[in-house]
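New notebook page. I'm going through this structure one chain and one contact at a time, and I'll jot down what I look up.

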Amino acid sequence: MARIGVFVCHCGENISRTVDCSGVAKALADHPGVAVSMDYKYMCSDPGQNLVKQAIEEHALTGVVVAACSPHMHEKTFRRAASQAGLNPFVVEMANVREQCSWVHEAGPATDAKAIDIVRTIVEKVKNNAPLETVRIPLTKRALVIGGGIAGIQAALDIADGGAEVVLVEKEPSIGGHMSQLSETFPTLDCSQCILTPRMVEVYQHPRITLYTHSEIEAVDGYIGNFHVTVRKKARSVDERLCTGCGDCQAACPNRKIPSEFDAELGTRPAIYVPFPQAVPNIPVLDRENCTLFKGRAKGREKDLCGKCKEACLRSAIDYEQQDELIDEKVGAIVIATGFKLYTIGREQPEGLSGYPEYNYGEIPDVISGLQFERLASASGPTGGRIVRPSDGTVPKRVVFLQCIGSRDPEKGISYCSKICCMYAAKHTMLYRHKVHDGQATVFYMDIRTAGKGYEEFVRRAIEEDGADYIRGRVSRMYRDGDTVKVVGYDTLAGEPAILDADMVVLCTAIRPHKGNKNLGRKLSVTYDQYGFISSAHPKLRPVETTTAGVFVAGACMSPSDIPDSIASASAAASKVLGMFSGDELEREPTVAIVNERTCIGCFNCEKVCPYGAIEHIDVCNRDNEICGHVARVLPGVCQGCGTCVATCPSKSVELQGFTDEQIFAEINALLTW
Amino acid sequence: MESSTLHSNEDDIASAVVRHQEAHGAPHVPASSVRMSLIDEVYARSGVNVRTCYQCGKCSAGCPMMGEMAVRPHVVMHLVQRNQRAEALSCDGIWLCLSCETCSARCPKSADPARVIDTLREMATETNPGLAPRAIGAFNKTFLDQIRSKGRMSEVGLAMQFNLRSGRLLQDATSMPALVSRGKLKINPPSMRDIDDVRRIFANVEAATRDARSKGGYR
Amino acid sequence: MSLAYYPGCSLHGTAREFDESMRAVADALGIEMTEIDDWSCCGASSAHSSNHLLGVALAARNLALAEAEGRDAVVAPCAACFSRLAMARQEVAEDEELAASLPGILERPFDNTVDVLNVVQLLLPYAESIRELVADGPGFSAVGQMKVASYYGCLLVRPVGVAGADDTEVPTTMEQVASACGAQPVAWNMAVECCGGSLSMSRTSSVVRLGRAIIDDARRAGADAIVVACPMCHANLDFRQVARAEDGGTVPVIYLTQLVGLALGIDAEKLGLNRHFVDTSPLLVELADRATSAEADAAAKAAAKATRAGAVV
Amino acid sequence: MSEMTEPTTEFEPRITAFVCNWCTYTGADMAGTSRMQMASNVRIIRLPCTGRIDALFIIKAFERGADGVIVSGCHPADCHYTAGNYHARRRFIVFRELLSFMGISNERVIFSWVSAGEGAKWREVVNETVERVRALGPFTAYHELASRQMVGGAYETEVELPDVREAPAEAGGAS
Amino acid sequence: MTELQDLARKLLEDGTVAVVIGWEEGRRGPRPVSITEPDDTERLVFNARCVHNLATYLDPRRSQVRKLGKPAIVVKGCDTKAVAGLLREAQFKREDVVLIGMHCGGVVTDPAEQTEVTAETVAPRCAGCDVREPHRTDYVLGEARVEPPQNTSIDERVAALDAMTADERFEYWATQMEKCVRCYACRQACPLCVCDVCVADKTVPQWIERAPHARGNMSWHLVRAMHLAGRCVGCGECERACPMDIPLTLLNRKMQQVVAESFEYHVSDDPEVVSPIGAFRDDDHEDFIL
């Protein structure tokens, strides 16, 4: 026989002002199954909680109903109190008579009646509450970090320094990401390489970090604490154990005219190459697309056309026959840090975007992207830091920077602000003016957004000290005019046309997510927004968590972010992971579905509707131990407790703990009594 | 503005507007249309939501007439946003617009300035035909009369009447002989048979428009 | 496909050579088109800038007529007419209310079933057959020497989605037709800039300024002629530029149909090339000369080659 | 508690609401924190997700004499569990057609999306539903079906069936 | 006929199957029979009176059939849709059963009374049948048959109900529900009612009142229709089995219409076609949602 305690809270006057609290308590006192019913000014206060604890002991309560505020407010409080008094926390429920009654109705009989209904309903529910144990899930204290840019590097180092194992997977031949391509960084103008490369080396040498470069995520299954990850290690054609990174192979490669990805196509590289001098690992990769030998093989040549790199390698580390390798890793948590890519204004665009015909689709040679400018300005760049025009190698005297290219341009398919452009445009004007003293830098902008420590000062410096011209307005058209570029713009502040002849134009193009994100999102059942950026579980309260438990996110794959942001979110994600790893197993609320395997008919409609893939098939055997069918089982670690399976099950063989059919049945009956 | 200085034989639009306002005071706006704010009325008529404009100035940058306008496309948009009815309906920009659609083609927010300007012109003509600068008003008027009477436009007639209306008698007169000699001006081009058919259209449209106004709806 | 022909007012007046060349080319290419019986003016910019509905209605009348004649599409060579008709077609398609009201206003059935084509859209599919026809045609060498600046103006590229060009800012359809004729399109900047057409009469000064810019750029790009498909543009560039010849040199302005006509070997008179203000005859002579000398060179080269070959033997 | 419920002439609908915990329930809380006054006829049953809502809940509510039912959850794409509301939507597209085919007016079953931020919308949904159902009048027909049985069947059910409208205070809304 | 018998005999003799489930003549028309002895195969018949949907015997929970061993069953095209339904819900593996498909020219509504298929006698489900020749059976016997005379009375009856006011409809069904005696013959006959423990039999909680009064009955048939929405193949066995002549096919038919209109789903004989249950589209219509 149920012995329920009912505790009606006045919440000061918040409830008692419109609800007759003692009346409610009295009404419930006579309710079948209620052992004790009382009201008090502040139930959530210590004396209030003590009332509950005492009652639990004195009346040997089997359930507790606190008629007060919303469960989102104090459910945890009272469940804790109950368990301190030795009662299972999950037989404690809140009856929401504040937010959903006293606050929204006038005082009066109808309101009192409603309050009573609410409490009685919950009492009836609690009669059917089962004492539950928190779900415990085994935990692998090993984290996978996807992406070796600055965010991935930071997350990996923080987690590893925190004492856990890390697997870092980078699809490029080297870690470092976009940051390694930058010349200087705002707002301090310190050299990007100088602050990044030490971190890269740290990763390489860290005893607890396993690094897979030139590798991608093939498959992921399992669930929080227990992910099984398959990593595809793409064939490098170089044996990493033998290679010393001497570079002889690169020198030997006859095929040297391949546009360098690292130099944003401004420089060239051989077919076997290390993307940049400080690359980590410093081991070359053979680009089979562009390798004479492999092109020959592709054409079905019997004899190999080349082999110079192999001849040149004294350690004979070159292996043309090397195949992709599939590596299985077991991890407990995953951090997505896949970073970003840049919008290009060209004719060819991914679905949903369109290019800039009014800028001739970037077919004017001296119209370059911001990243290309970084390479021009970078001491390690193709020009050794000399800023010259791609077309004729002369030093441009008039450089025009256009902000918001793609960004904030719904017509081109991107409505958001790319956030970093205002800052790096200002940085570019400085770098340019520092190198070309008689040069003129002009920036077309719509708004200057400098929310960040020292950011506003930085932009002002560009204008006030380095004399950059800022014109407010979007450029309408760009022509090729002889060997200069005619830029047709408008100065909306002066109310005058701004038609400039430029020697070079730099486009501050928008930040876009990697198209791989969607694919990855599906593999991890993580949601992404309409652009393909990974969405966090809650934009404010859970910024680095995703919709899948145990999967976290860091850096620019979430939304455009600069280096400080990326590092902050990476450390945040890392601390979340370490927090997860702090115990020996994971605990979660027992609000999960369970299958009654005796009545399950194995139609697996539950599997079809489960958003988390939490349903597994298990065999059922007959007396002679022959498999005679299959039934469903819920993986408690994966189940998030939505209950969609329960409503879908035709034979009512699934129950959602905490919201069982019996509980809801009791509530409905209690609401509509005769 | 270059236009006013360079070509004395022309009705300078800006000054025309000024003259008109001196003569008639600020443009008269009939009660039927004050109900709505300008931005909403423009929306009702054209389906363009001017609120989307974020004043980047790309329209003005590309506008071929920008150099000759006192009030440029993005300012016109701004006037609408600020509900400056009188200024918007009387500014020179809307009359100097060539309807070349360059602004709309390049607008990042698809705020369609060309369509907005079109709508403003229409509204201006309704509220007070006097608003249209003499030359342009004259041209449209002449043109439409032509169609109403003949169903087709005969350039000779058009040019002549237009010059009368706009008081620029010798405009292009020099080139008339040349045109004729090249057989480009037929004195009476093949006109239509069923002109009433076209006239009925004019009548029906006027009726429909009046009807719409009285209902407060548009188009 | 049954094709209606909508000449529009200008093609019966200042732009009659457009009409003539259009018909001539259509015959030569075996394109059958029937002039809409008793068509009326499309309303031009004047109508819709003074009353939107009127603009649509006047254009729609002609579409309704073509529909009644059972046409699938109507070709309107005049870019202005094309634009009005195409706009009307689109607006009616998008606005059910409008569509419902029109039959009443036109006092005739109207289902908006007729497609609207401009001259470029019409000719583009014939590019191949043009190329074949000119390959050995008499016009080949002359036109083959011609550098042309293809001028789209506004109405062939804007409004986006109505004009039916392949690209708003860097279109190529006209160039495709021109090169099918053997002509060499030049790269220039003003292809889609406005010539000021709609203010042609009411504000000559602007029109001249804009026209000038276009002509100068064409000259800078080394074009022998500007190719247009719009009577307004033609009037402004051809007629206005002589009006102000003192401002600088001139370039002949010819219609796309005239270019095709020449390429197909149709007689210049028949194409109305004599009707332009900027005299086209010097150009034709010039081209002929270039052609002959080019042929001479070719012949010479061939001969030399032959002798060398002979020497080897 | 009869002292709490003086009988009034006007019919007070009894409406049961099945709402999801993350959007609508939180939205209703928000209506509270913003002190938005609304009709007091609605009783909320809190569920994790609209996906958990079984047609049986609604059937049972009507059996027990509910005059109207509200089903409310997260807007599409906002589901805390990513897809529960999509499945619910499908289920209810079918179920409401079935109900109306069986003669239970769709006016009595209101579906809505109310997000955690839409306290005001929740108030509208509540008030509008109450007004709608009040206009329709009481829905006792389903409840009273229990007294209908083909001749030859057992009649006991007739007896054990008290009158819907003579409900005691626990009947809440019927004050 | 002999064609069927010979095949059955062959299958039994070479041990391909242990039992053949088909029809034999009975006093009130053909009736289902399970044949395990090759010599009994002469009893097999197939004609326009073979209305039963034998797919129902594939329900793995019919242990008496199951223990006979691997079955071959004789199916009409429409029956294969039920087979597909069961495969879709993983009730058995395709290779565990041999399907003998029969060319079908339509069947009568009441095999006890009627013998010939005419516009009057033809079963409602035969209207617009798209599987007169079975597509996915192991064998197809008999010669191709012509379309039977059309009969769309069922859609007309649904339309008639739709035309009534809600209250009229409610009254109509109430009177129908009064008749139900909860014999559950409808459930038994349905090839897709495969639950071990039906929700109607659950007692904790007891969602469906047991007492056979109109309220419990109405709830039962609501749930039944709901469970069959998007699954029902429209074989009409439930209504044929109903001793009280409750027009159950009207409910199922209505559900078929709704699913077709809302999700473009039509019951298919292809198990690969995903059923609308457990699926959704981002743009499923929600005009009814505030």
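First, a term I need: a residue is buried under 20% relative accessible area, exposed over 50%, and partly exposed in between, using a 1.4 Å probe and protein chains only. Next, the ground rules: this is a predicted model, where local features need pLDDT of at least 70, side-chain atom pairs count only at pLDDT 80 or more, and totals for chains, interfaces and linings use all residues. Residues are numbered from 1 along each chain as its sequence is written, chains are lettered from A and ligands numbered from 1 in the order in which they are written, and side-chain values use heavy atoms, with hydrogens and water left out.

**Entry 1: chain A.** I looked up the secondary structure, where helices (H or I, at least four residues) and strands (E, at least two) are DSSP runs numbered from the N terminus. Chain A has 18 helices and 34 strands. Its C-alpha trace spans about 95 × 75 × 40 Å along the principal axes. Of its 674 residues, 59% are buried.

**Entry 2: who touches whom?** I call it a contact when heavy atoms are within 4.5 Å. For chains E and A I noted about 1600 Å², with 61% of it on carbon and sulfur atoms. Chains B and D do not touch, and their nearest C-alpha atoms are 25 Å apart.

**Entry 3: salt bridges.** My rule is a side-chain nitrogen of Lys or Arg within 4 Å of a carboxyl oxygen of Asp or Glu. The background is that side chains of opposite charge can pair when their charged atoms come close. I get 106 salt bridges over all chains. Between chains B and C the count is eight, while between chains E and A it is zero. Glu193(C) and Arg106(B) form a salt bridge, with the closest N and O atoms 3.8 Å apart.

**Entry 4: a pair inside chain C.** Arg61(C) and Asp38(C) meet in a salt bridge at 3.8 Å, N to O. The two are 23 residues apart: Arg61(C) sits in helix α4 (residues 52-68), and Asp38(C) in the loop between β2 (33-35) and α3 (44-50). Both are buried. They also belong to a network of salt bridges with Asp197(B), Arg200(B), Glu107(C) and Arg108(C).

**Entry 5: a pair in chain E.** Glu13(E) and Arg9(E) form a salt bridge at 3.1 Å, N to O. Why are they about one helical turn apart? Because they are four residues apart in helix α1 (residues 2-13) of chain E. Glu13(E) counts as exposed because its relative accessible area is 52%, and Arg9(E) is partly exposed because its value is 25%.

**Entry 6: Phe111(D).** I found Phe111(D) in strand β4 (residues 109-113) of chain D. Is it buried or exposed? Buried, because its relative accessibility is 3%. Leaving aside neighbours within four places in sequence, its contacts include Val71(D) and Phe92(D), and also Phe288(E) and Leu290(E) in chain E.

Definitions and conventions. Buried area is the accessible area (1.4 Å probe) that two parts lose on being put together, summed over both.
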